[in-house]
Amino acid sequence: MSRPDASTELLAPTKLAIIMRGLPGSGKSHWVEQYIASQPLSLALRIRRHGLFSTDDFFLVGGEYRFNVARLAEYHQRNLTGFIQALARGEPVVICDNTNLAHWEYMAYEAAAQALGYGVRKVLIGNPRDPRHRALCAERNRHGVPLAQLCSMAKNFEDDDVSVGPG
């Protein structure tokens, strides 16, 4: 997988919101790690501490991922709240690292960022409609999401104006 685009916009953002999109196992979190690593150290540390939001983090218990569907809506709301609070604080880069396959899943993130004067970059990793990509995601996703569920998730994918990354 190649490194994220290190354009001037990404290296010296004034106010940038990044919305990741893709199936579990597509490489979204890897892309985010590569992006953060490409930033100056002070900005990278700031993004890690105050600008990176993933609903998956709420399912970590003692370093182990324990998905609980009963908490999903609550955790998505908490993730969105943290993201909006970071925007309101004026963090230079704020990232939503969720699947965001359908527009409704990320429209509140995008609207909040735009309302608070952020540029928004949506990054799609891989093609959810590609059967080979889904098979690869099934092999490498860290959460044990089976191929059948990935195929079901892919049916909800909506195209949008996004930067496409490898996957």
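Among contacts (heavy atoms within 4.5 Å) in the protein between residues at least 6 apart in sequence, 76% join residues at least 24 apart.

User: What kind of model is this, and how are its residues numbered?

Analyst: This is a predicted model, in which local features need pLDDT of at least 70, side-chain atom pairs count only at pLDDT 80 or more, and totals for chains, interfaces and linings use all residues. Residues are numbered from 1 along each chain as its sequence is written, and side-chain values use heavy atoms, with hydrogens and water left out.

User: How many helices and strands does the protein have?

Analyst: Helices (H or I, at least four residues) and strands (E, at least two) are DSSP runs, numbered from the N terminus. Here the secondary structure comes to 7 helices and 7 strands. Along the sequence they follow the pattern α-β-α-α-β-β-β-α-β-α-β-α-α-β.

User: What share of the protein counts as buried?

Analyst: Buried means under 20% relative accessible area, exposed means over 50%, and partly exposed lies in between, with a 1.4 Å probe and protein chains only. Of the 167 residues of the protein, 44% count as buried.

User: How is a pocket defined, and what volume does the largest pocket have?

Analyst: On a 1 Å grid over the protein atoms alone, a pocket is an open set of points with protein on both sides within 12 Å along at least five of seven lines, where a 1.4 Å probe fits; lining residues have an atom within 4 Å of a point. Grid points are joined across faces, edges and corners, and a volume is the space filled by probe spheres set on the points. The largest pocket has a volume of about 1,100 Å³.

User: Which residues lie nearest the centre of the largest pocket, and which helices supply its lining?

Analyst: The lining consists of 40 residues, and Pro24, Asp56, His76, Thr99 and Met153 lie nearest the centre. At least two lining residues come from each of α2 (28–37), α4 (72–89), α5 (103–115) and α7 (147–154). The most is given by α5, with 6 residues.

User: How is the lining divided by class?

Analyst: Ala, Val, Leu, Ile, Met, Phe, Trp, Tyr, Cys and Pro count as nonpolar, Asp, Glu, Lys and Arg as charged, and the others, Gly among them, as polar. The lining of the largest pocket has 17 nonpolar, 17 polar and 6 charged residues.

User: Why does the length of α5 agree with its number of residues?

Analyst: The expected span of a helix is 1.5 Å times one less than its number of residues. The 13 residues of α5 should therefore span 18 Å, and its end C-alpha atoms are 17 Å apart, which agrees.

User: Which residues of α5 are buried, and what covers them?

Analyst: The buried residues of α5 are Tyr106, Tyr109, Glu110, Ala112 and Ala113. Their cover includes β1, α4, β5 (93–96) and β6 (119–125).

User: Where is Ser26, and is Ser26 buried or exposed?

Analyst: Ser26 lies in the loop between β1 (16–21) and α2. Ser26 counts as buried because its relative accessibility is 0%. A polar atom of the Ser26 side chain lies 2.8 Å from the backbone oxygen of Leu23.

User: With which residues is Pro128 in contact?

Analyst: Leaving aside neighbours within four places in sequence, Pro128 is in contact with Leu23, Leu101, His133, Arg134, Ala154 and Phe157. Pro128 is placed in the loop between β6 and α6 (131–140), and is buried, with a relative accessible area of 0%.

Notes
A polar contact is a pair of N or O atoms within 3.5 Å; within protein, one must be able to donate a hydrogen and the other to accept it, and residues adjacent in sequence count only if both atoms are side-chain atoms.
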